[in-house]
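Here are my notes on this one, point by point. Have the model open next to you as you read.

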Amino acid sequence: PQGSLTSVPDTVWQMLFLIKGRAPILMNKLRFDGNWNMHPTDLSKLARYVGELKEQDFSWQVIDLAAPVDEWHDAPVVFISAEGMIKLSDEDKARLREYTFSGGTIFFEASCGNSTVRRWWQKTAAEIWPEFELRRVDKEHAIWNADARMRRQVPGLMEMADGLRTFVFYAQNDVSCAWVLQQRPAREDAFQVGLNIYTYATDRARIRSRLMASSIREVRSKEASVLQAPAGAGPISMVSLKHGGDWRVTLHYDLPEKLTGRLKESQLAEIKVSEPMAATDQALPDKALIHVTGRLGISLNEAERAALKEKLGQGSFLLADATMGDERFVADFRKLVAEMGLKERLLGDDHPLVSGKMENAGGHNLTEDIGLTHAAMQKSMGGAKLDLRGLYLDDRLVGIFSPRDLLYSQSGMRAFNSVGFSQETAQRIVDNIILYVLSTRD
């Protein structure tokens, strides 16, 4: 506002700050106690390379090891280049773990291929993420073609993956030295892997200005102010269903807890999350919201199918989605629905859960502005459609099935090639499901 011809230098600096300062951050570089910056211009050279390819500015920044994890999410990737062993406290290790389990990706490099660092990181990674294995990235991994088509793969690249995504990439051999020395085209693979890790971590999402909210933070819907929960609605008990498939695949992401926190903050509903249970568990709450998901498939034995059907008949509601939109789960779940004697029907635009016009509650209008992930858009050749399936028991709606990923999508975290919804659309869908359960509960 104070810009004028009499203060040209100040005005110019302010304009340059706004132009450069809003560039998206490619990666954060972790600052720790020790030799953390052996190649001071590594990320600046990589950011310039990516910016030339994308025809827009990219930035990078240094992030302190002790900084709050929320600040780490200014970028989708944290780059760690170590020349020696890093002194990590238990709190530091917990912070690294929290970052990955809230959607972040770590790219660790043993600077100059230091053998001591290699051994230390393999031991330390096993301590931070003991339930996952550090293994070689195979030749078919999406990282080799996530953006650039890599003709030469980075030798010795390793990963930690959880069934949804690779959350740690580990370069046993130096890559940042090639960035600093601008070794193109001789080491084009080093540049391409940096670009591809960024693309992989963001699932090819639209490049966002630095001034935009982080993708993992809650999306505030334009319609939030018009939502109306039924008067006197009590809490809902939510349970993740154990089954004979990979029901644990999203467990460490705490999706029910993230949903609970969001709804509590918006004062839309109160959800009490129980420990995961089998359908035959006597402790399974009455009239519960039962979440079932997986990637590889699902199976229930005869007793479990009967128990689940009985629970649905008594007022419980099933919320089922295919994690990552995996077709293997979709096929198995549809077989299970048929075995239980349930009917699956596509919900039309006039259904209260879709229109938001419920008898004693008001929800979102889900007939328009449907946002999908990149892979879902490619698969949906006819345009963005909701594709929610109602599950009926004796003509009564007792559940919702989404062949696309729903609960992971609503958290705002990304997984490469996930067939799911945008965060805002997923949150709107889940809001309506919760409101419908409350409005139809006896």
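This is a predicted model: local features need pLDDT of at least 70, side-chain atom pairs count only at pLDDT 80 or more; totals for chains, interfaces and linings use all residues.

1. Let's start with what sits over the buried residues of H10.

2. Which residues of H10 are buried? They are Phe-329, Val-330, Phe-333, Leu-336 and Val-337. These residues sit on the same side of H10, because the arc they cover around the axis is only 130°. On the face turned away from that buried side you'll find Lys-335 and Ala-338, both exposed.

3. As for its geometry, H10 runs over residues 327-339, 13 residues in all. From first C-alpha to last it reaches 19 Å, close to the 18 Å expected at 1.5 Å a residue. Just after the helix comes Gly-341, with a positive phi of about 80°.

4. Now look at the open sheet. Its seven strands come in the order S2-S1-S3-S4-S7-S6-S5, and the pairing is mixed. Strand S2 (59-64) and strand S5 (135-136) are the edge strands, each pairing on one side only.

5. Inside that sheet, have a look at strand S6 (residues 157-161) and strand S7 (residues 166-171). They pair in the antiparallel sense, over five bridges. Ala-161 stands opposite Thr-166 of S7.

6. Which helices go with these strands? Helix H7 (residues 188-202) packs on the sheet and touches strand S1 (25-31), S3, S4, S6 and S7. The direction of H7 makes about 105° with that of S1. Helix H4 (residues 90-101) lies across strand S3 (77-82), strand S4 (105-110) and S7, and runs at about 130° to S4.

7. On to the nonpolar cores. The largest has 47 residues, and Ile-433 and Ile-434 have the most contacts inside it. Elements giving two or more residues to this core include strand S8 (236-240), helix H8 (255-266), S11, S16 and helix H14 (423-440). H14 provides the largest share, nine residues.

8. What does Ile-434 touch, leaving aside its neighbours within four places in sequence? Its contacts are Ile-236, Leu-263, Ala-269, Ile-271 and Leu-289.

9. There is also a second, separate core of 33 residues. Leu-43, Leu-46, Val-50 and Val-77 are among them.

Methods
Residues are numbered from 1 along each chain as its sequence is written. Side-chain values use heavy atoms; hydrogens and water are left out. Helices (H or I, at least four residues) and strands (E, at least two) are DSSP runs, numbered from the N terminus. The expected span of a helix is 1.5 Å times one less than its number of residues. Buried means under 20% relative accessible area, exposed over 50%, partly exposed in between (1.4 Å probe, protein chains only). The arc is that of the directions from the helix axis to the C-beta atoms. Two strands pair if DSSP finds at least two bridges between them. Contact means heavy atoms within 4.5 Å. Axes are lines fitted to C-alpha atoms, for helices over the stretch in contact, and angles run from 0 to 180 degrees between N-to-C directions. A nonpolar core is a set of buried Ala, Val, Leu, Ile, Met, Phe, Trp, Tyr and Cys residues joined through side-chain atoms within 4.5 Å.
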